[in-house]
Amino acid sequence: MNAQNSNPDGAATTARTPDPLYGGSADRRITVRDLAAAKARGEKWPMLTSYDALTARVFDEAGIPVLLVGDSAGMVVLGNESTVPVTMDELLMLTRAVVRGAKRPLVIADMPFGSFQGSDEAAVDNAVRFVKEAGADAVKLEGAGPTLSRVQAIVGAGVPVMGHVGLTPQSATMLGGFKAQGRTAEKAERLYEDALALEAAGCFAIVLEAVPAPVAARVTEALQVPTIGIGAGADCDGQVLVWHDLLGLYAGKAPRFVKRYADLAGEARRAIEAYVDDVREGRFPEEQHTYAIPDEELAAFEARLPAHRAQAEHQ
Ligand code: KIV
């Protein structure tokens, strides 16, 4: 999406061409209809997680059309061991921040574990909170089966829903851990049927996580709505990654499906170590980092200090 141009001095500059998802107009928020139209045109698009206003702005400026305030925030932002403990209140606060920072991307809030499992009514109430209190454009729910009636109820209340099948981290224990899903004919068929059922229930898009690429390709072909892959191969309509994985800001080993585009953790560590050394050795702050006071004001100030007065009285 970047084009090399020359400025009047002949120097190369990089100009962004308008994202085709915006239909050439970059000054309005993306809608779920834009995503449907992109699928019809065969266009692929990237989605990224975001949990605060600053990254939302940077990702927006870099051309990301869809931001997910994932329940992964519970791990990468709040330090929990899994996505299970993160609460509605925590995700509402983070979603508000992302909505403030992102002007153009569609913002999707992930419904945390416990916020939709109880009943259709609870699911609708919590989905509405994300839209009304945080300004989200849509919500995402994990799973199929009992989740189908939740999807119907939320869509019926006027809130667009993104589905999520394959590896669904909120139920990782039931799935036997963080493993790829749909790796036998029977399980692949089940996943395929679940995705079709979510589409029929009203989902505008479906995340396929940790699914063999050919299985995800068949699901993508069969659905009218876009699929968004994470560890599901190149044939999905969209791709999503957790930004901490993409930019190398995590501890430990990344999953197989992550492509790391930067080493922010290493960069940050090197910069902080330099700061620590500079402070210890007296190299920071320098003159340029300090504020001046006129000489006469400084002299008058020093004349008011007790030590100075005592000295003057003694003389
Ligand atoms: O919570 C999350 O970040 C997600 C994506 C990985 C799809 O659900």
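**Close-up 1. Helices H4 and H5 run roughly parallel to each other.** Welcome to a predicted model, in which local features need pLDDT of at least 70, side-chain atom pairs count only at pLDDT 80 or more, and totals for chains, interfaces and linings use all residues. Residues are numbered from 1 along each chain as its sequence is written, and side-chain values use heavy atoms, with hydrogens and water left out. H4 covers residues 88-101 and H5 covers residues 120-132; they pack at an angle of about 25 degrees, with their axes 9 Å apart. Angles under 35 degrees count as roughly parallel, over 145 as roughly antiparallel, 65 to 115 as roughly perpendicular and the rest as oblique. Axes here are lines fitted to C-alpha atoms, for helices over the stretch in contact, and angles run from 0 to 180 degrees between N-to-C directions. Helices (H or I, at least four residues) and strands (E, at least two) are DSSP runs, numbered from the N terminus. On the H4 side, the contact (heavy atoms within 4.5 Å) is made by Met88, Asp89, Leu91, Leu92 and Thr95, and on the H5 side by Asn126, Arg129 and Phe130. These residues divide into four nonpolar, two polar and two charged.

**Close-up 2. H6 and H7 form a right-handed crossing.** Look here for H6 (residues 147-156) against H7 (residues 185-201), packed at an angle of about 25 degrees with axes 9 Å apart. H6 is therefore roughly parallel to H7. Leu148, Val151, Gln152 and Val155 of H6 meet Ala197, Leu198 and Ala201 of H7. Six of the residues in this contact are nonpolar, one is polar and none is charged.

**Close-up 3. H7 also packs with H8.** The angle between H7 and H8 is about 30 degrees, and their axes are 10 Å apart. H7 is therefore roughly parallel to H8. The crossing of H7 and H8 is right-handed. From H7, Ala188, Leu191, Tyr192, Ala195 and Leu196 meet Val215, Arg218, Val219 and Ala222 of H8. The residues of this contact divide into eight nonpolar, no polar and one charged.

**Close-up 4. Residues surround the ligand.** Around the ligand you will find Thr49, Leu68, Gly70, Asp71, Ser72, Asp110, Lys140, His164, Ile230 and Val242 (each with a heavy atom within 4 Å of it). Polar contacts, meaning pairs of N or O atoms within 3.5 Å, can be picked out as well. An N or O atom in the side chain of Asp71 is 2.9 Å from an oxygen atom of the ligand. For Lys140, the distance from a side-chain N or O atom to a ligand oxygen is 3.1 Å, and for a polar side-chain atom of Asp110 it is 3.2 Å.

Close-up 5. Most residues other than glycine have a negative phi, and most peptide bonds are trans. The peptide bond from Phe284 to Pro285 is cis, with omega near 0 degrees.

Definitions and conventions: Ala, Val, Leu, Ile, Met, Phe, Trp, Tyr, Cys and Pro count as nonpolar, Asp, Glu, Lys and Arg as charged, and the others, Gly among them, as polar. A polar contact is a pair of N or O atoms within 3.5 Å; within protein, one must be able to donate a hydrogen and the other to accept it, and residues adjacent in sequence count only if both atoms are side-chain atoms. A crossing is left-handed if the near helix is turned anticlockwise from the far one by less than a right angle, and right-handed if clockwise.
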